[in-house]
Amino acid sequence: MNKLEERMNELKSTGKKALIAYLTAGDPSLDVSAKLLSALAENGADVIELGVPFSDPLADGPVLQASAVRALAAGTTLNDVFSLADGFSKKFSTPLVLLVYYNCIYRKGVELFCREAAEAGVSAVVVPDLPFEEAGRLDLAAASSGLINIRFLSPTTTESRMVSICKSSAGFIYCVAFTGVTGERSLLDPGMLTLLANARKYTDVPLALGFGIATPQQAAAAAAAADAVIVGTALLRQIEKINDPAEKTGAAGKFINSLKKAIDGAF
Amino acid sequence: MKDSGRFGIFGGRYVPETLIQALDELEEAYLAARDDEAFQLAYQEVLLNYVGRPTLLYRAERLSAKLSGATILLKREDLNHTGAHKINNALGQALLAKRMGKKRLVAETGAGQHGVAAATAAALFGMECVVYMGEQDMRRQALNVFRIRMLGAQVVPVSSGSGTLKDAANEAIRAWVTDCRQAYYLLGSAVGPHPYPMLVRDLQSVIGREARAQSLQLLGRLPDILLACVGGGSNAIGLFHPFLADESVKIIGVEPAGKGLETQEHAATLAKGTHGILHGALSYLLQDEDGQITPVHSVSAGLDYPGVGPEHSYLKSIGRAEYAAVTDEEALAAFALLTRTEGIIPALESAHAVAHAVKIAPQYEKETVILVNLSGRGDKDVQTVANLMEAEAL
């Protein structure tokens, strides 16, 4: 069984909710990213979503865009991201999921990308600009490398598409809490509860809620409704202005720890 | 019936899940409107009595004589209301938006011609309009920024990336994802996710339909060669599409070679690009080995784009169209030449098509007819050209 599925099942069987933490690879450097990944794993991240920096991230808000700009300015390449993943997965059992725009996969060659990602210890890919209808080729390539291609649901997903998406999903389903781009929001949208309740009718695959979760309180509220909580922008916001690597990893660890406690405390 | 959204392997819908429903609604609304006589009449009416169509097919006698070769005809899209072909698309889509009950238009713009067209459509139909524009383009097309604002639309500066058309489109798409239930995304070129490349092409095909009928009337036959500049490629696909079945007609799109195809500073996507995905479609793309979109350059803001419409990629792949490229310098020379020989100031974008005519016309006799799409007028570029001439004089 895929490492991500194993971890999600394990949490489910103990009645726990998963914390999925996002980090852009190479922001501000590969060395610091490696330290940040360790800090996340050691402080309660159940799954790590590692972002492949892309020049044109059209699903991302300003914080994640700026992060990608820094990573690319530091010269981060796709091979660097794979090495970073490889180094991490040799030391930690925390499953790694790659957040990657489809052009980076397509350009590399869909099959080759999946093989190299799997060899680097990656368990799944999350592709924000690849809807279900266009996913056929990646699904096949991912499956033959033992990777999962994570599905998305959004508040605008129609019932009929939701059925198909749920039926073909594995690992977790990335439920977008808002129409919009990534970034913090002051309140969680009540519409997300409807989305989660509808999705539950069609699948047992864990539902992960992302977009807009910024505080431990919001994380706890999200965890009460979903099986997993994805935090990206808020984490980057905590650390983006800190230059000292030790302070940066310290701040990241502390923030993840506070989220993890809030999520666990919710039950 | 629903379209496959593909031109050969090109096109498709590479967008976030949130937009799928909006694209489905748009496709459904457009297909219904396309077959609805009342909608078509309303569109024809606005083209006739507001835009001022049909535009002239003008025989450029002095330019042809000067080049002492082929006969050059200009399809005068510069004579449209607002000064470019962009209005054909903007009004058609704004009518569609109105029919869909949307009250807010979101648009991206490069040279500002589409921004002006979208703002004009919004003023005419009493809609709200927000235009995203790269900061670099706001500087070099300042006149159009004023025009858009005077028309009552909001201009949002985009500083991300290179501050040009690509970044404006990213930002417009982000704004649309955020407000996709209320806003209508009025895309300005034949790019983007399905159904936009089809929708924009259909609306711009009025150029080619008129040019075809006018050629038959003027010459008693079809032209031998069609030329149009290609950035995203909407004026080109609008001219080309009605001629695709006419095998005797050679079709050439002209891309911006910037400072030269051998340099990194060009935006000749079909000449130098590889297959990739940008703004929701699979097409040719200027990118590096990792799939990062590379910075591009053209003196013309409207052509300064690392992607290209998927139907052009398809026409290239089946060999129905050829794509050439001309440099900034050649475009500027053509700009000056057309201005002085015919008293017509072309947009820098359109000057690329003229420049290729200048290049190839001498290879032919006057019996050969080259039809050039003069997609827009150059008022917006006068400052840029004056600055470049001044710099050259120093």
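Chain A and chain B bury about 2900 Å² between them, with carbon and sulfur atoms giving 50% of that area. Keep in mind that this is a predicted model. The contact draws on 36 residues from chain A and 37 residues from chain B. On the chain A side, A:Asp56, A:Leu58 and A:Arg107 together supply 23% of the area buried against chain B, more than any other three residues.

- B:Glu17 pairs with A:Arg161 in a salt bridge whose closest N and O atoms lie 2.5 Å apart.

**What chain A brings to the contact**

- Four elements of chain A, namely α3 (62-73), α5 (102-108), β6 (151-153) and α8 (159-167), each supply at least two residues of the side that touches chain B.
- Helix α5(A) gives the largest share of that side, with 5 residues.
- By residue type, the side of chain A that touches chain B splits into 20 nonpolar, 10 polar and 6 charged residues.

**A closer look at B:Asn89**

- Now for a residue within chain B: B:Asn89 sits in helix α4, which spans residues 86-99.
- B:Asn89 has a relative accessible area of 0%, so it counts as buried.
- Beyond its neighbours within four places in sequence, B:Asn89 contacts B:His114, the run of B:Leu186, B:Leu187 and B:Gly188, and also B:Val200, B:Leu203 and B:Gln204.

Technical notes
Residues numbered from 1 in each chain as written. Chains lettered and ligands numbered in written order. Predicted model: local features only at pLDDT ≥ 70, side-chain atom pairs only at ≥ 80, totals over all residues. Heavy atoms only, no water. Buried < 20%, exposed > 50% of the residue type's maximum accessible area, 1.4 Å probe, protein only. Contact = heavy atoms within 4.5 Å. Buried area = accessible area lost by both parts, 1.4 Å probe. Salt bridge = Lys/Arg side-chain N within 4 Å of Asp/Glu carboxyl O. Nonpolar A, V, L, I, M, F, W, Y, C, P; charged D, E, K, R; others polar.
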